Amino acid sequence: MKVSICGCGWLGLPLARHLKKAGFTVQGTKRTEAAAQALCDEGIRGFPLILPLTNEQLPVVSDFFDCDVMVLNVPPGRQTALSMQYASTMLTLCGEAKRRGVQQLIFISTTAVYGDVKGVITEVTTPDPITESGKAHYEIEQGLIASWSDRVTILRLAGLFGPNRHPVKFLSGRKGIQQGGAPVNLIHQYDCIRAITAIITAQPKQNVFHLASSQHPSRSEYYTTMAKKVGLAIPEFSDNEGGSAKKIDASFSCEQLNLVLDQDDLLAIVPELDDA
């Protein structure tokens with residue numbers, strides 16, 4: 001099976017390496033010629049691609065669409081204007097993929113589409129995004145389901161952490177942080193890769209899955225514990241409110257994908273920070 005990964009960054013590159021090791025033929029995109037060549041040096045066919053897709057780029061990336069499954073793993077820009085363009089850019093790219101015969105599409109989305117919905121969130125909970133990113137992702141989801149029907153799988157990921165990436169780094173030393181009692185919703189890079197691999201292999205007809213650890217310690221407990229583990233300044237929370245905030249329940253998705261999360265004990269995992 002040939003898999004094309006659009007966006008070989010923090011998640012996409014280890015996914016590409018994992019799939020190659022598992023025996024898949026893997027292709028991927030990077031933003032520069034040099035980075036695309038680095039993929040080739042690893043046995044992953046690399047394509048330089050800067051979105052939005054233009055007519056000038058089509059001849060260069062034409063073979064990228066020659067695949068059985070395409071994984072779309074490109075996050076939006078941080079600026080509001082870029083987020084507003086994000087949905088149009090992604091839907092145009094997916095339209096080209098469909099036109100060129102890609103049979104199965106996996107879109108990496110986010111649990112931010114649930115916005116501030118409170119309580120336990122399951123795969124059938126109605127999204128109510130409030131951020132620009134959440135709104136853009138939900139617009140893409142709806143567009144893809146309308147266009148691709150059961151040939152698209154949407155995987156909504158909770159907060160990502162893993163090698164050289166952990167939110168405690170940005171909360172360290174901060175004071176007066178609100179909502180200390182809110183449950184955390186996180187998922188490790190390794191389990192994301194395993195879930196995407198399971199979707200590629202099974203090609204389920206269900207459109208929407210989501211992924212988060214089954215453990216949801218409070219923000220104050222979790223980030224205090226993580227800061228202590230790596231010797232960072234402990235964040236200080238001003239209150240213990242937020243206990244009724246959203247809690248992502250991914251048990252159904254894990255059951256459908258025959259997936260047991262490997263990095264599920266959040267309080268036991270030591271953050272992997274490059275400068276900690």
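Predicted model: local features only at pLDDT ≥ 70, side-chain atom pairs only at ≥ 80, totals over all residues.

Visitor: Which residues touch the most other members of the largest nonpolar core?
Guide: They are Ile5, Val71, Leu155, Leu157, Ile200 and Leu211, in a core of 39 residues. A nonpolar core is a set of buried Ala, Val, Leu, Ile, Met, Phe, Trp, Tyr and Cys residues joined through side-chain atoms within 4.5 Å. Buried means under 20% relative accessible area, exposed over 50%, and partly exposed in between, with a 1.4 Å probe and protein chains only.

Visitor: And which element supplies the largest share of this core?
Guide: Helix H7 does, with seven residues. Helices (H or I, at least four residues) and strands (E, at least two) are DSSP runs, numbered from the N terminus. Another core, of 28 residues, lies apart from it and includes Leu53 and Met70.

Visitor: New topic: how many aromatic pairs are there in the whole structure?
Guide: A search finds three. Rings of Phe, Tyr and Trp (its six-membered ring) pair if their centres lie within 6.5 Å; planes under 30 degrees apart count as stacked, over 60 as edge-to-face and the rest as tilted.

Visitor: Why is the pair of Phe47 and Phe64 edge-to-face?
Guide: Because their planes are at 70°, with the ring centres 5.7 Å apart. Phe47 is in strand S3, whereas Phe64 is in the loop between helix H3 and S4, 17 residues apart.

Visitor: Is Phe64 buried or exposed?
Guide: Phe64 is buried, because its relative accessible area is 1%. Phe47, at 3%, counts as buried too.

Visitor: Now Thr153: where does it lie?
Guide: Thr153 lies in strand S7, residues 152–157. Thr153 is buried, because its relative accessible area is 0%. Beyond its neighbours within four places in sequence, its contacts (heavy atoms within 4.5 Å) include Gln104, Phe107 and Phe209.

Visitor: What about Leu171?
Guide: Leu171 belongs to helix H6, residues 168–171, and counts as buried at 10% relative accessibility. Leaving aside neighbours within four places in sequence, Leu171 is in contact with Ile177, Arg219, Tyr223 and Pro235.

Methods: Residues numbered from 1 in each chain as written. Heavy atoms only, no water. Contact = heavy atoms within 4.5 Å.
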